[in-house]
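Thanks for asking me to look this one over. My notes follow as numbered points, with the cut-offs given where each term comes up.

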Amino acid sequence: MRRTITNMVMAAAVVTGFYAATAKAQTTLSVGDKAPVAENITTETLLTGLDHPWSMAFLPKDAGMLITERSGNLNYLKPDSDKPVVVDGSPKVWAKGQGGLLDVVLAPDFAETRNVYLSYAEEGKDGKAGTAVGFGQLTPDNTRLENFQVVFRQEPKLSVGNHFGSRIIFDRKGYMFIALGENDQRPTSQDLDKLQGKIVRLFADGRIPQDNPFVGKQGVRPEIWSYGHRNQQGAALNPWSGALWTNEHGPRGGDEVNIPEPGKNYGWPLATFGINYSGQPIPEAKGTEGAGLTQPIYAWKVSPAISGMAFYDHDRFPSWKQTVFIGALAQQRLLNLKVEGDALKDEQVIFEGERIRDVKVSPDGYVYVLTDTGDGKLIRLGMKE
């Protein structure tokens, strides 16, 4: 605990000196079960039989898509096919609990390099695990990943099966952000010598940018962009501002959406809208806010168990423009919220009855979701004309 407090003080000093103070964030609370349910939605199940699918990525030129299964398979789904092909060459994963093969993202320069990035749970020497990220080159026939190399490892490895995160997002300048979980070890989110409960910012090859907020600070991991996060399982780049947005699971209540800024502390476990699964307060929490802690922009007092996240900026369905989709696992629904600058409002339910793990907007403007079960589905959603 002494190290945690020391790191917090160090972080506060660094942030005060390195970045100008900003206005206190205002948190909007979810309307919860009062959210209206949309009635004009079309659904089409395109694929079944997936083993806890976790993420998907659309290949350019209508070449199909890649889908990860938590058990370890990276799949290629050809256009108009109802059976995916397993892509050879993906890394060995630690498929226990919430661990396994997780996010899949195409490199910004995929057209030239054919680099595909994966995040996954990786086993350590003592039987525990942490999140790793690497990339390989997808062959022209989309059936093999070659020359896979790891560019990031979460250290130390502390997970016994929980809270790996993780999402990979590239910004407009080509920086790679990795949203990480705290391995169900609450205090580590505040420990700046650890990579649990953090967002890290790297170059695509794993090098550390020298303008990261904690570069050169003794006892602090230079990869860190922001900290005080719990279990981040949704992230997307806002197409209107270019900013990274993330969402994370709270405990029993306290799911939240953040716009992570460099060097800032997002509070977990010192501040939360949730309580422990036992019904008791979080031991470290002092309330829903605290000095030096940045508030989420949106929070749920009752946890939907939020997951994948995707902004909608397409002309196909105009009423969805300027909104964001967020999946929910426990509440088995797909949420949609209006984006107004750095705020969210007008929450509604687009689809329900399935555990939604990931959501993406396709190049032709439809919304695709993956359902998190042993017989997982790929479902396409649209709106009635």
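**Notes on the model**

1. The protein's secondary structure comes to two helices and 25 strands; these are DSSP runs numbered from the N terminus, helices being H or I of at least four residues and strands E of at least two. Please keep in mind that this is a predicted model, in which local features need pLDDT of at least 70 and side-chain atom pairs count only at pLDDT 80 or more, while totals for chains, interfaces and linings use all residues. Residues are numbered from 1 along each chain as its sequence is written, and side-chain values use heavy atoms, with hydrogens and water left out.

2. On overall dimensions, the C-alpha trace spans about 55 × 50 × 40 Å along its principal axes. Of the 385 residues, 55% count as buried, meaning under 20% relative accessible area, with exposed being over 50% and partly exposed in between (1.4 Å probe, protein chains only). Among contacts (heavy atoms within 4.5 Å) between residues at least 6 apart in sequence, 59% join residues at least 24 apart.

3. The whole structure holds 16 aromatic pairs, counted when ring centres of Phe, Tyr and Trp (its six-membered ring) lie within 6.5 Å; planes under 30 degrees apart are stacked, over 60 edge-to-face and the rest tilted. Tyr 117 and Phe 170 have ring centres 5.1 Å apart and planes at 70°, so this pair is edge-to-face. Because Tyr 117 lies in strand S8 (residues 115–123) and Phe 170 in strand S11 (residues 165–170), the pair ties together parts that are 53 residues apart in sequence. Both residues are buried.

4. Which residues have the most contacts inside the largest nonpolar core? They are Tyr 117, Val 133, Phe 152, Ile 168, Met 176 and Ile 178, in a core of 20 residues. Such a core is a set of buried Ala, Val, Leu, Ile, Met, Phe, Trp, Tyr and Cys residues joined through side-chain atoms within 4.5 Å. The largest share, three residues, comes from S12. A second, separate core of 18 residues includes Met 309, Val 324, Ile 326 and Leu 337.

5. The charged end of Arg 380 sits over the ring of Tyr 366, 5.3 Å from its centre; the criterion is NZ of Lys or CZ of Arg within 6 Å of the ring centre and within 35 degrees of the ring normal. Elsewhere, Arg 207 is placed likewise over the ring of Phe 203, with its charged end 4.3 Å from the centre.

6. Last, a loop residue: Pro 36 lies between strand S1 (28–29) and strand S2 (41–50). Pro 36 is partly exposed, at 46% relative accessible area. Beyond its neighbours within four places in sequence, Pro 36 is in contact with Glu 347, Gln 348 and Val 349.
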